[in-house]
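Student: I am new to this structure. Please show it to me, then let us talk it through.

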Amino acid sequence: MYYELRTYTIDPLKLADWLALYKSHAYEVQTEHLGNLVGFFTTEFGEANQVVHIWAYESLDDRMARRARMAADPRWAEFGRLNKELGAVLKLESRLMRPTTFSPLQ
């Protein structure tokens, strides 16, 4: 398994608006195409205006195929347009991680 940790730094004044937009326009599309949502979080301490989500993939090829199908979905394009219009995302970081042999997540 591979796990993708995505961290979005959001304009603090637009965090609630971005979460509402994600829930209404992106959540269903992503879960349909990407499948294995491990968790979706907002930060409570530290940099408090961040959204973090983790997705699981069987392989790097699995990730590439799933993300390509999602990118071709017109609903995802609509979310992208609305997301750009909102202008809430300040920074995006993405990390692909592999679990250790003793990790509870395999």
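Student: At what angle do helix H1 and helix H2 pack, and which class does that make it?

Tutor: Helix H1 covers residues 15-25 and helix H2 covers residues 27-34. Helices (H or I, at least four residues) and strands (E, at least two) are DSSP runs, numbered from the N terminus. The axes lie 4 Å apart, at an angle of about 55 degrees; axes are lines fitted to C-alpha atoms, for helices over the stretch in contact, and angles run from 0 to 180 degrees between N-to-C directions. Under 35 degrees counts as roughly parallel, over 145 as roughly antiparallel, 65 to 115 as roughly perpendicular and the rest as oblique, so H1 is oblique to H2.

Student: What kind of model is this, and how are residues numbered?

Tutor: This is a predicted model: local features need pLDDT of at least 70, side-chain atom pairs count only at pLDDT 80 or more, and totals for chains, interfaces and linings use all residues. Side-chain values use heavy atoms, without hydrogens and water, and residues are numbered from 1 along each chain as its sequence is written.

Student: Which strands are the edges of the sheet?

Tutor: The open sheet has four strands in the order S2-S3-S1-S4, with antiparallel pairing. Strands pair if DSSP finds at least two bridges between them. Pairing on one side only marks the edge strands, S2 (36-42) and S4 (89-97).

Student: Which residue in S3 is the bridge partner of Gly39?

Tutor: S2 and S3 (residues 50-57) run antiparallel, joined by six bridges. In S3, the partner of Gly39 is Ile54.
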